[in-house]
Amino acid sequence: MVSVFQVPSDDVLLQKAQKGDIGAMEEIYRAYATPVYNLARRFCKRPQDAEEVAQETFLEVFRSLGRFRGEAPFWVWIRRIAASKALMRIREAERKKEEPLDGKAGDGAEALAGSRPNPGTPVDNEKVALEKALAELPPTSRAVVWLHDVEGYTHEEIAELFDRSVSFSKSQLARAHERLRALLITEREGLACTQPLSSS
Amino acid sequence: MHPTLEQLLAFRDGEEPEGVRDHLSGCAECAAELERLHGLVEKMRALSAEPPPKDLWPALRGQVQSERIKSWVAIGALAASVLVAASVMAAVWLWHVRGSGPNPDSGAQQQAAQPSDIQPLISESQKLEGAIRHASAGTPVLSGKTAGAIANIEDSIAILDFKISLLKDSSEQHDQLKKLWQQRVRLLQALVQVRTSRGEYTQL
């Protein structure tokens, strides 16, 4: 499974960054900014939270570069930091009662929808419906389904990240899919009602 | 009985939950659901990835650089506090050993009593210190490397000052004292150079 984080790594660049070369750090940022931001965007309710998660992720990456030993690929290491920072953010939100972890996503769902079609470009209704359905999921379910189905995390890895059991990860995934199915059916039915009648 | 969604997902992901494969071969409904689950993964992966709405790099660069400066300052402060503690302990020890209060050769008296070949070095030191004070006034933020270099030189000067304070300008110690003052002048010259060239200027 190919992750969006899987960009070719450059050992020379990495060594330069480890020695404190600011230009090398900028190259690392440019290479990973989009995957890190998008992962954060799938976890966080508000775009500004996703930006902060991305910033915290890169700061942590640059602070810890000296400790990176290459036991796992560099992109896996960055992705792990990003996921952990994003998870901390949703836990923080739960503590502040902004968004329930296991309840309904609430009124932030609209703000969460990932891609915004540019005005003038044809709208892919299926994609829009999926974005909307994902945004409606509770944060934990959304994080689990994204990490597992899109980023290729195993249930063991998710369990470790969340500090929970493997069965927690499996049941969260099943719950997420159950809700996605229901939301997508509702969305499809809604769309069918608003489609103009065929002239034939 | 149909498999649960959790079992279907496990099957989709390559596991073999008991009885699922056999069930799928005879159940069109579950086979279609499995197909849908496969398709959903592809659709999620195809969702567009957006770059961050604003470039986060300038802010990140600023934070990385200010953290580096802070760490250098912390190291410098630690070194300085160790030196101060050592100086205090040495002064107390000397006071006890000599049994007669502060060192009579210290400060202005010491400077005034220096023979002619040390006095020019002291004057030169004072001149250079004035130049450093002038260069430091309104100095912009320095890079981590420059701040580190300055801290190192200042630490070395502090060590020399401590050694100078322990020596008496007697005939036995005169040459040693002169050497220390010469080293001090050289270090101050280096410090002036780093301060005035400002090393690697960092625009935060």
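Modeller: Let us begin with a charged pair: the side chains of Arg21(B) and Glu16(B) meet in a salt bridge, with N to O at 2.4 Å. This is a predicted model, in which local features need pLDDT of at least 70, side-chain atom pairs count only at pLDDT 80 or more, and totals for chains, interfaces and linings use all residues. Residues are numbered from 1 along each chain as its sequence is written, chains are lettered from A and ligands numbered from 1 in the order in which they are written, and side-chain values use heavy atoms, with hydrogens and water left out.

Biologist: Why is the contact of Arg21(B) and Glu16(B) called a salt bridge?

Modeller: A salt bridge is a side-chain nitrogen of Lys or Arg within 4 Å of a carboxyl oxygen of Asp or Glu. The N to O value for Arg21(B) and Glu16(B) is 2.4 Å, so the pair qualifies. By this rule the count comes to 22 salt bridges over all chains.

Biologist: What makes Arg21(B) partly exposed?

Modeller: Buried means under 20% relative accessible area, exposed means over 50%, and partly exposed lies in between (1.4 Å probe, protein chains only). Arg21(B) has a relative accessible area of 48%, so Arg21(B) is partly exposed. Glu16(B) also has 48% and is therefore partly exposed.

Biologist: Which parts of chain B does the salt bridge of Glu129(B) and Arg184(B) tie together?

Modeller: The closest N and O atoms of Glu129(B) and Arg184(B) are 2.9 Å apart. Glu129(B) lies in helix H6 (residues 119-136) of chain B and Arg184(B) in helix H8 (residues 174-197) of chain B, so the pair ties together parts that are 55 residues apart in sequence. Helices (H or I, at least four residues) and strands (E, at least two) are DSSP runs, numbered from the N terminus.

Biologist: Are Glu129(B) and Arg184(B) buried or partly exposed?

Modeller: Glu129(B), at 26% relative accessible area, is partly exposed, whereas Arg184(B), at 7%, is buried. Elsewhere, salt bridges that share partners join Arg46(A), Asp49(A), Glu52(A), Glu56(A) and Arg89(A) into one network.

Biologist: How do you know that a salt bridge joins Glu33(B) and Arg181(A), and where do the two residues lie?

Modeller: Their side chains meet with N to O at 2.8 Å. The pair crosses between chains, from Glu33(B) in helix H3 of chain B to Arg181(A) in helix H9 (residues 166-194) of chain A. Glu33(B) counts as buried because its relative accessibility is 12%; Arg181(A), at 27%, counts as partly exposed.

Biologist: Why is H6(A) called roughly perpendicular to H3(B)?

Modeller: Helix H6 (residues 125-136) of chain A and helix H3 (residues 28-45) of chain B pack at an angle of about 95 degrees, with their axes 10 Å apart. That angle makes H6(A) roughly perpendicular to H3(B). The contact is made by Glu126(A), Leu130(A) and Leu134(A) of H6(A) and Leu40(B), Lys43(B) and Met44(B) of H3(B). Angles under 35 degrees count as roughly parallel, over 145 as roughly antiparallel, 65 to 115 as roughly perpendicular and the rest as oblique. Axes are lines fitted to C-alpha atoms, for helices over the stretch in contact, and angles run from 0 to 180 degrees between N-to-C directions. Contact means heavy atoms within 4.5 Å.

Biologist: What makes Leu47(B) buried, and which residues is Leu47(B) in contact with?

Modeller: Leu47(B) counts as buried because its relative accessibility is 8%. This residue is placed in the loop between H3 and H4 of chain B. Leaving aside its neighbours within four places in sequence, Leu47(B) is in contact with Arg42(A), Lys127(A), Leu130(A), Glu131(A), Leu134(A) and Trp146(A).

Biologist: What is the nonpolar surface patch of about 250 Å² made by?

Modeller: Val84(B), Val88(B) and Val92(B) make that patch. Patches are made of residues with over 30% relative accessible area and no salt bridge: like charges are joined within 9 Å, nonpolar side chains (Val, Leu, Ile, Met, Phe, Trp, Tyr) within 5 Å. Val92(B), with a relative accessible area of 44%, is partly exposed, and Val92(B) is found in helix H4 (residues 57-98) of chain B.

Biologist: How many helices and strands do chain A and chain B have?

Modeller: Chain A has nine helices and zero strands, and chain B has eight helices and zero strands. Buried residues make up 48% of the 200 residues in chain A and 34% of the 204 residues in chain B.

Methods:
Accessible areas come from the Shrake-Rupley method with a 1.4 Å probe; for residues, only the protein chains shown count as cover.
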